[in-house]
Amino acid sequence: QVQLVESGGGLVQAGGSLRLSCAASGRTFSTYIMGWFRQAPGKEREFVAAIRWSSGSRYYGDSVKGRFSISRDNAKNTVYLQMNSLKPEDTAVYFCAADLASTFQTMGSMSNEAEYSYWGQGTQVTVSS
């Protein structure tokens, strides 16, 4: 049973930084794609970033390119989302997601939430102006 547990959310001022963590368990994740999504009140869930666990290849949503960075720690089975230069529009619940890399037919499919079978409970990030 795959379990994903996010942590690290909180309240930060605009221009500040936060690092989110996603602790993964229940599988060997070397064959997985790990993703981060976010959902603001009244809005659809939005793709933030994804990483191929085996190679470390990264893929980012346009709204966070150059500000956010996704990484993984093999020893800790944890994926991180480093968020810098935060803006009020980054306020959302951030979710970690995962699925087998073989699920994704194209790089673009990594941004499709429907491709991910496993989800965490989410962590709230609030950026004040």
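This is a predicted model: local features need pLDDT of at least 70, side-chain atom pairs count only at pLDDT 80 or more; totals for chains, interfaces and linings use all residues.
Residues are numbered from 1 along each chain as its sequence is written, and side-chain values use heavy atoms, with hydrogens and water left out.

Overall layout, then. The chain has 0 helices and 11 strands; both are DSSP runs numbered from the N terminus, helices being H or I with at least four residues and strands E with at least two. The C-alpha trace spans about 40 × 30 × 25 Å along its principal axes. For 129 residues, a compact globule would have a radius of gyration near 14 Å, and the chain agrees, with 14 Å. That radius is taken over C-alpha atoms, and the globule rule is 2.2 Å times the number of residues to the power 0.38.

Now the inside. Which residues touch the most other members of the largest nonpolar core? They are M34, W36, L81, M83 and Y94, out of 30 residues in that core. A nonpolar core here is a set of buried Ala, Val, Leu, Ile, Met, Phe, Trp, Tyr and Cys residues joined through side-chain atoms within 4.5 Å. Strands β3 (18-25), β4, β5 (46-52), β7 (68-73), β8, β9 and β11 (123-128) each supply at least two residues of this core. A second, separate core has 9 residues, among them I33, A97, F104 and M110. In general, nonpolar side chains in soluble globular proteins tend to be buried together.

Y94 deserves a slide. Leaving out residues up to four places away in sequence, its contacts (heavy atoms within 4.5 Å) include W36, R38, L81, M83 and V125.

R38 forms one with E46, the closest N and O atoms being 2.8 Å apart. R38 is buried, at 5% relative accessibility, whereas E46 is partly exposed, at 31%. R38 also forms a salt bridge with D90, again listed at 2.8 Å, N to O. Because R38 lies in strand β4 (residues 32-39) and D90 in the loop between β8 (78-83) and β9 (92-100), this pair ties together parts that are 52 residues apart in sequence. D90 is buried, as is R38. Through shared partners, salt bridges join R38, E46, R67 and D90 into one network. Elsewhere, D62 and K65 form a salt bridge at 3.2 Å, N to O, and both are exposed.

Last, the rings. The whole structure has 9 aromatic pairs; rings of Phe, Tyr and Trp (its six-membered ring) pair if their centres lie within 6.5 Å, and planes under 30 degrees apart count as stacked, over 60 as edge-to-face, the rest as tilted. F37 and Y116 are an edge-to-face pair, 5.2 Å centre to centre with 80 degrees between the planes. F37 is in β4 and Y116 in the loop between β9 and β10 (118-119), so this pair links parts 79 residues apart in sequence. Both F37 and Y116 are buried.

Methods. A salt bridge is a side-chain nitrogen of Lys or Arg within 4 Å of a carboxyl oxygen of Asp or Glu. Buried means under 20% relative accessible area, exposed over 50%, partly exposed in between (1.4 Å probe, protein chains only).
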